[in-house]
Amino acid sequence: MLQIYTGDGKGKTTAALGVVLRAAGYQKKSMMFSFLKDDPGYGEAKAAGLIPGFILHQVGRDAFVDFKNPAAEDLKLCREGWEAAKLAICQRQADIFILDELNIVLAAGMLPVDEVTDFIKLHKHDVEIIITGRYAPEQIIKIADLVTDMREVKHYFHKGISSRNGIDH
């Protein structure tokens, strides 16, 4: 099936990783492609080797992406990451695939929505696919089997509390 975690609230990637944790309990394999993230300091990058059957691929630079005018390098890395994810899905290298922050990539036009939607429609019945990130395009929502819109009600960032290791990243 296809699961979508979107919205402006915290916890989209965390929810997807919760599925990975549950799946590990049943000896299922999970693979996560983290678009726009290439920081080995993220908690999920540090924990990847600790969760049986979980493989993490960080796709992107450890730098700010200008979504209104993405750099050629960012577009290239998104394309390479998408091609790697498609191959892994086609080869069924895992039972569960997380395409982390792919919604933002699609909303920013860094990959064509129709191309991604067409591919996922063909493969969502073979493996579990989870897409995270704000601004889920309507085409993706329409083909999803589960959509959770995480809405921010209150966040400690607004009090000036910065990102905390092991909690926020």
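**Questions on the fold and its pocket**

Author: Lys68 is exposed, because its relative accessible area is 83% (exposed means over 50%, buried under 20%, partly exposed in between, with a 1.4 Å probe and protein chains only). This is a predicted model, in which local features need pLDDT of at least 70 and side-chain atom pairs count only at pLDDT 80 or more, while totals for chains, interfaces and linings use all residues. Residues are numbered from 1 along each chain as its sequence is written, and side-chain values use heavy atoms, with hydrogens and water left out.

Reader: How far apart in space are Lys68 and Lys86?

Author: In sequence, Lys68 and Lys86 are 18 residues apart. In space, taken C-alpha to C-alpha, the separation is 26 Å.

Reader: In what order do the six strands form the open sheet?

Author: Strands pair if DSSP finds at least two bridges between them. The pairing here is parallel. The order of the six strands is β3-β2-β4-β5-β1-β6.

Reader: Which strands stand at the edges?

Author: An edge strand here has a single partner strand, so one side of it is left without a neighbour in the sheet. The two are β3 (54–59) and β6 (146–149).

Reader: What does the twist average from one strand to the next?

Author: Axes are lines fitted to C-alpha atoms, for helices over the stretch in contact, and angles run from 0 to 180 degrees between N-to-C directions. From one strand to the next, the twist averages 10°.

Reader: Is Ser30 buried or exposed?

Author: Ser30 belongs to strand β2, residues 30–35. Its relative accessible area is 2%. Therefore Ser30 counts as buried.

Reader: Which residues does Ser30 touch?

Author: Contact means heavy atoms within 4.5 Å. Residues up to four places away in sequence are not counted. The partners of Ser30 are Val20, Ala23, Gly53, Phe54, Ile55, Ala94 and Ile96.

Reader: Which residues of β2 lie on each covered face?

Author: In a regular strand the side chains alternate between the two faces of the sheet. Six of the six residues of β2 are buried, so the strand is largely enclosed by the rest of the structure. One side has Ser30, Met32 and Ser34, and the other has Met31, Phe33 and Phe35.

Reader: In β3, what is the bridge partner of Ser34?

Author: β2 and β3 pair in the parallel sense over six bridges. Within β3, the partner of Ser34 is Gln58.

Reader: In β6, what is the bridge partner of Ile4?

Author: Ile4 is one of the buried residues of β1. Toward β5, Ile4 stands opposite Ile131. β1 and β6 pair in the parallel sense over four bridges. There, the partner of Ile4 is Val147.

Reader: What volume does the largest pocket have?

Author: On a 1 Å grid over the protein atoms alone, a pocket is an open set of points with protein on both sides within 12 Å along at least five of seven lines, and lining residues have an atom within 4 Å of a point. Grid points are joined across faces, edges and corners, and a volume is the space filled by probe spheres set on the points. For the largest pocket it is about 1100 Å³.

Reader: Which residues lie nearest the centre of the largest pocket?

Author: The lining has 38 residues. Its largest share, six residues, comes from α1. Nearest the centre lie Thr13, Lys37, Tyr42, Glu101 and Asp168.

Reader: What is the phi of Glu101?

Author: Glu101 lies in the loop between β4 and α4 (102–107). Glu101 is buried, with a relative accessible area of 16%. Although not a glycine, Glu101 has a positive phi of about 70°.

Note on methods:
1 Å grid on protein atoms, 1.4 Å probe; cavity = no way out; pocket = protein on both sides within 12 Å on 5 of 7 lines; lining within 4 Å.
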